[in-house]
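Dear colleague,

Please find below the structure I promised to hand over. My notes on what was found in it follow directly after.

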Amino acid sequence: MTTAPYRSSVTSADDGFGRLLLAEWTKLRSVLRWTLALLAAVVLTVLLGLSAAAGISADEPEVPSTVGPDGKPVRDGFQFLHGPLSANGELIARVEVPRSVGQSASPWSKAGIMVKAQARAGSEYAAMMVTPGHGVRFQSNFTHDVGAGGGSGPRWLRLTRSGATITGYVSADGRSWNRVGSTDLQGLQATAEAGLFVAAPDHIVQTRAFGSTSRIEVVARTTATFTDVTVRGGPPAAQWRSDDLGPRPPEPGTARPTANGFTLTGFGDIAPHPQGDERVRVPLTGAIIGLILVAALGVQSVTSEYRRGMIRTTFTASPRRGRVLAAKAIVVGAVTFVAGLVASLIVVPAAQPLLSRNGYRPPVFPAPELTDPAVLRAVLGTALVLALAAVLSVAAGAITRHSASAITAVIVLFVLPTVVVGALPLTAAEWVLRLTPAAGFSIQQAVDRYDHVETSCLPDDGCSFEQPWAGLGVLVAYTAVGLALAYRLIRRRDV
Amino acid sequence: MSHRSSAADRSPGQPGMVSRALHAEWTKLRTLRSTVLLVSGAVILTVLLSASAAGSAEPHTDLTKMSLTGVHVGQLCLVVLAILSVTGEYGTGTIKTTLLAVPSRVTVLLAKALTVTMIAVVVGTAGIAGSLAVGGFLLPEPWPGETGTVRAAAGTVLYLALVTLLGLGIATAVRDTVTAITLMLTLLYAFPFVAQLVGDPDWQRRLHSAGPMTAGLAIQATKDLDHLPIGPWPGLGVLIAYTVSALLLGTVLFRARDA
């Protein structure tokens with residue numbers, strides 16, 4: 001007689017990755033000291049951010065800010081020699097590269113021809129221009145910029161207006177034209193202003209002496225020469241008048257007729273005015289304290305297992321050690337991300353009244369909205385930096401198995417370069433900062449950066465990368481290398 | 001038959017007690033592999049960092065301070081050594097044996113402090129001497145002067161000893177390795193880091209005067225003394241205040257607690 005083979009009635013245990021995550025989460029939440037460390041990280045980040053906001057005060061802006069067609073602050077100051085232009089018209093001129101008296105012109109000095117809605121700073125415009133450092137360009141309404149390439153010599157420029165559409169052309173000889181770009185100016189009336197202009201942004205020169213960095217804005221008086229000026233659809237150039245648009249320049253600009261054209265001199269710039277991001281960046285400076293605390297948490301979550309011998313139990317329960325490392329990294333990273341997010345979301349709104357009282361007010365410093373992608377990037381990025389630092393600490397703990405060396409290595413890696421670079425020369429300092437994990441903090445910048453506006457990115461401001469995501473990429477690379485090394489070592493060692 | 005009273009055993013005034021405790025602490029430290037690593041690492045890394053700072057220094061800057069930059073790394077190794085000398089005992093449980101052998105807690109702490117300070121002074125002198133020698137080769141200009149350099153070098157050795165004692169005090173108060181190291185590194189580096197991020201010059205000056213590391217390192221400055229946030233000797237005074245408070249706190253807690 002055959003008997004049925006024995007089959008156990010007990011359901012098989014679930015040893016999937018989900019169980020492993022649950023185990024790691026249980027370990028993390030059951031140590032009171034670690035929960036307190038997380039809470040302390042959030043509280044200290046908020047407190048430090050608030051005290052930074054209370055302690056900083058804004059310099060009074062030297063010039064009243066102009067507002068562009070889209071409502072954002074712009075700089076619109078230049079010497080304009082102009083006359084009326086009808087709905088269908090054309091303006092041609094041969095423009096030479098602008099030059100500065102006594103020094104090399106800023107690369108973004110501009111000289112060229114422009115069609116502007118009114119002779120008023122902040123109104124809509126489209127312009128074809130020649131720049132010393134960036135060739136021929138077609139710019140309109142401050143944010144739109146198209147390059148036409150081609151060296152640094154004089155060029156023939158042409159703007160054609162038909163209704164609200166302005167098209168820009170460039171030529172080397174005045175006969176064969178290449179189209180560069182075109183735009184629609186919504187606010188253009190039947191009669192617009194058209195003419196010649198010259199503008200030069202202040203050139204920022206940074207030097208370092210005695211361990212402190214000085215930033216000097218060199219105000220440049222720029223000169224440009226125009227010849228063979230032709231107008232269709234308006235009075236000839238001889239009947240034009242010259243104005244200094246925008247805020248009062250250090251000296252009045254001039255427009256003098258020459259034998260076959262004009263020479264203009266002027267100051268000022270036509271560009272978006274990069275708004276300071278202090279209202280977002282300053283409250284988030286507390287993240288470094290939170291980072292140190294979550295790094296301690298990450299290291300402890302691994303090294304305490306080694307010290308107590310729990311690691312043998314863990315590896316017995318989950319022989320696939322890579323998954324153990326992954327589960328620890330995921331749990332610690334997720335918990336830290338949530339903590340960092342909570343801290344950022346609390347500190348940025350809470351610091352706004354303090355910042356407003358200290359001089360950070362619209363329109364130069366508009367109130368940050370969470371719907372603004374730059375602000376959202378700064379807030380989420382800060383939480384991401386904390387999470388990545390915690391995962392890096394987990395990897396460091398797994399690599400060294402010794403809590404003192406792991407925590408020292410992580411904190412030093414993050415903090416020491418920023419402190420020591422004050423002693424190094426400027427270029428070395430920039431490179432050192434770009435290669436450290438602390439470059440991740442560049443994600444906190446919330447400034448709109450445009451390619452055609454020169455901005456300063458000093459190590460002393462904690463700015464290591466102009467592009468925020470590049471800095472975060474450095475931190476991601478460090479974390480990935482750490483995890484890979486930890487993975488390899490965990491699997492090779494006995495325990 | 002007479003036996004010594006337990007009170008006499010506990011009095012720190014008993015001859016030979018402190019020197020025996022010192023001998024015990026020195027034995028503990030010198031038989032640890034990590035001590036050798038930390039001490040040699042401190043000297044080598046100090047000289048290396050000073051060399052790279054001196055090699056990239058520009059003329060007309062504070063060259064002495066530049067060539068003493070290695071102290072940043074040297075202090076880390078010494079602080080970790082001081083912390084481990086206390087928290088390592090708690091971690092492995094040998095603190096019970098130590099306190100059984102030397103019941104007077106002040107004696108234990110004094111012996112640890114003396115041992116660790118002696119190591120700090122030796123390491124500091126070696127590191128500073130090496131830094132100045134290497135700096136002499138690599139600096140773009142010849143040595144600026146004698147008096148400023150002597151104060152900077154001697155002050156840096158003093159600074160290292162004080163920072164080491166600060167770490168010892170904090171470790172005695174906290175008793176856990178990671179917590180002590182985190183607290184110590186935060187105390188040292190949070191002030192200059194936050195000063196960098198906050199752009200306001202007034203706040204930068206306040207933070208630089210209040211932080212133990214930034215105030216203590218003012219002793220290294222030989223040029224442009226008027227523009228420093230705090231003078232060399234007052235800065236060292238700030239660090240002394242921090243160290244004394246930490247040691248006092250550690251002593252009080254050590255005496256009051258169980259082990």
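In this predicted model, strand β6 (residues 110-116) of chain A is joined by six bridges to strand β7 (residues 125-131) of chain A, and the two run antiparallel. Within this pairing, A:Val115 has A:Ala126 in β7(A) as its bridge partner.

Both strands belong to an open sheet of seven strands in chain A, whose order is β9-β8-β7-β6-β13-β3-β17, with antiparallel pairing. The edges are taken by β9 (144-147) and β17 (241-245) of chain A; each has a single partner strand, so one side of each is left without a neighbour in the sheet. On average, neighbouring strands of this sheet are turned by 25° against each other, direction ignored.

Chain A also holds an open sheet of three strands, ordered β1-β2-β20 and likewise paired in the antiparallel sense. Here β1 (66-67) and β20 (270-272) of chain A are the edge strands, each pairing on one side only. Three bridges connect strand β2 (residues 73-76) of chain A with β20(A), and A:Arg75 has A:Ala271 as its bridge partner in β20(A).

Chain B is built from 12 helices and zero strands. Of its 259 residues, 52% count as buried. Among the contacts in chain B with a separation of 6 or more, 75% are between residues 24 or more positions apart. The accessible surface of chain B comes to about 11500 Å², and carbon and sulfur atoms account for 69% of that area.

Turning to charged side chains, the structure holds 18 salt bridges over all chains. One of them links B:Glu89 and B:Lys112, with the closest N and O atoms 2.5 Å apart. This pair ties together distant parts of the chain: B:Glu89 lies in helix α5 (residues 71-92) of chain B and B:Lys112 in helix α7 (residues 105-138) of chain B, 23 residues apart. B:Glu89 is buried, at a relative accessible area of 5%, and B:Lys112 is buried with a value of 5%.

Salt bridges that share partners also join A:Glu24, A:Lys27, A:Glu305 and A:Lys328 into one network. Within it, the closest N and O atoms of A:Glu24 and A:Lys27 are 2.9 Å apart. A:Glu24 and A:Lys27 both sit in helix α1 (residues 17-29) of chain A, three residues apart, about one turn of the helix. A:Glu24 counts as buried at 4% relative accessibility, and A:Lys27 is buried at 18%.

A further salt bridge brings together A:Arg241 and A:Asp243 (3.3 Å, N to O). Of these residues, A:Arg241 is exposed, with a relative accessible area of 52%, whereas A:Asp243 is partly exposed at 23%.

With kind regards

Key:
Residues numbered from 1 in each chain as written. Chains lettered and ligands numbered in written order. Predicted model: local features only at pLDDT ≥ 70, side-chain atom pairs only at ≥ 80, totals over all residues. Heavy atoms only, no water. Pairing = 2+ DSSP bridges. Helix = DSSP H or I, 4+ residues; strand = E, 2+ residues; numbered from the N terminus. Axes fitted to C-alpha atoms, helices over the stretch in contact; angles between N-to-C directions. Buried < 20%, exposed > 50% of the residue type's maximum accessible area, 1.4 Å probe, protein only. Contact = heavy atoms within 4.5 Å. Areas by Shrake-Rupley, 256 points an atom, 1.4 Å probe, with all protein chains shown as cover. Salt bridge = Lys/Arg side-chain N within 4 Å of Asp/Glu carboxyl O.
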